[in-house]
Amino acid sequence: MKNIYLKIAAAILLAAMLMLCLAACKPGSDPEKGTEAVTDENGEIVTKPEGQETGTTDPTVNTVKLKFSGSSVEGAPEGSVIVDAAAHAFVIVKEGTYELTGDISNGQLQVKVADTEKVTLIFNGFTASNATSAPLYIVSGDKVTIDLADGSTNRLSDSTPYVYPDPTTDKPNACLYSAIDLKIKGHGSLKVEGVYNNGIGVKKDLEIKNGNITVTGPNNIIKGGNSVTISGGNLTLSGGEDGIKSDEETKQGKGFILITEDAVVSINCSDDAIQAAQAVTIDPTAKVTVNCGGDAINCPGIINVDENALITNK
């Protein structure tokens, strides 16, 4: 009888141990790797490193949090950000997602990664100013996305004149300048105060998906060399000669400006409000208000503008 009691006790102990093990090692969790199970927006189970915050970005992405203070930065893993003291620049050299907070005073943030690599910059209370160049200069990469964190206020500002180390170049020439494709999205605000030349200047394709965005610039307020697509958000553009411009004349399928969906755009400028080399399209769901000294739309190619979407005040 004693042996029977011992066997029962052993069985109970073994069952308890198995239950503890199953609780600790639930699907989607790996105690050795420090991960925990979370669900995405579709209800699917994904894993993320323990303690990593979830938000608008992919929970499986490791976000590098950079905090700027004048001429210094905290939180940069080794090999991801280079501090160029001579140029007063912080240079992101590694692909990934970076959350930016704090202030860069009279300096520059650069993105300089391989042509196949993508970078996401989450603006979350980020300010940068530069007295002699662009405060944000995207030099190389495949594509950069600026994500305006919910409820955040962010600001970029430059001055005049720009000083170029190489007298044979004239780039960057905008307060926010990108030599590659640039996308701006999110539900925060961004103010770009260009004094030298353009407000936002992109050599290739510029896409604005949403956000509360205010831009000034004495030449082109917004320029996307290959194209400009605005599919949402609330944009206030003022102070320039031309409002929105795309000047690619030879590449097929480029040189266009597209304003669509629920985008709300206000343009106040001294010359043409919308100028494109090949095509301009404004969908009926968009709302564009123009106060300009030149043409509301200047395009020698295709113009497809809903009459209810464009309001011209001269």
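Visitor: Which way do β20 and β23 run, and how many bridges join them?
Guide: Strand β20 (residues 227–230) and β23 run parallel, with four bridges between them. Strands here are DSSP E runs of at least two residues, helices are H or I runs of at least four, and both are numbered from the N terminus. Two strands pair if DSSP finds at least two bridges between them. One thing to keep in mind is that this is a predicted model: local features need pLDDT of at least 70, side-chain atom pairs count only at pLDDT 80 or more, and totals for chains, interfaces and linings use all residues. Residues are numbered from 1 along each chain as its sequence is written, and side-chain values use heavy atoms, with hydrogens and water left out.

Visitor: What stands opposite I257 in that pairing?
Guide: That's V228.

Visitor: And which strand is joined to β23 besides that, by four bridges?
Guide: β26 (residues 279–282), again running parallel to β23. There, I257 has V280 as its bridge partner.

Visitor: Which residues of β23 are on the covered face, and which on the uncovered one?
Guide: I257 and I259 are on the covered face of β23 (residues 256–259), while F256 and L258 are on the uncovered one. In a regular strand the side chains alternate between the two faces of the sheet.

Visitor: Zooming out, how many helices and strands are in the chain?
Guide: One helix and 30 strands. Of the 314 residues, 43% are buried. Buried means under 20% relative accessible area, exposed means over 50%, and partly exposed is in between, using a 1.4 Å probe and protein chains only.

Visitor: What's the strand order in the ten-strand sheet?
Guide: The order is β5-β6-β8-β10-β13-β16-β19-β22-β25-β28, in an open sheet with mixed pairing. At the edges are β5 (81–84) and β28 (297–298), each with a single partner strand, so one side of each has no neighbour in the sheet.

Visitor: How do β8 and β10 pair?
Guide: β8 (residues 108–112) and β10 (residues 136–140) pair in the parallel sense over four bridges. Within that pairing, Q110 stands opposite Y137 in β10.

Visitor: New topic: how much space lies in the largest pocket?
Guide: About 400 Å³. It has 18 lining residues, and the closest to its centre are A87, Q108, S133, V163 and P165. A pocket here is an open set of points on a 1 Å grid over the protein atoms alone, where a 1.4 Å probe fits, with protein on both sides within 12 Å along at least five of seven lines; lining residues have an atom within 4 Å of a point. Grid points are joined across faces, edges and corners, and the volume is the space filled by probe spheres set on the points.

Visitor: How do the lining residues divide by type?
Guide: Seven are nonpolar, eight polar and three charged. Ala, Val, Leu, Ile, Met, Phe, Trp, Tyr, Cys and Pro count as nonpolar, Asp, Glu, Lys and Arg as charged, and the others, Gly among them, as polar.

Visitor: Where is S231, and is it buried or exposed?
Guide: S231 is in the loop between β20 and β21 (234–238), and counts as buried at 13% relative accessibility. Leaving out residues up to four places away in sequence, S231 touches E207, I208, K209, T260, E261, D262 and A263. A contact means heavy atoms within 4.5 Å.

Visitor: What about S238?
Guide: S238 lies in strand β21 and is partly exposed, with a relative accessible area of 25%. G217 is 21 residues away from S238 in sequence, and their C-alpha atoms are 7.3 Å apart.

Visitor: Where are the cis peptide bonds?
Guide: One joins T160 and P161, with omega about 0°, and another joins K171 and P172, with omega about 5°. P161 is in the loop between β12 (153–157) and β13 (174–178), and P172 is found in the loop between β12 and β13 too.
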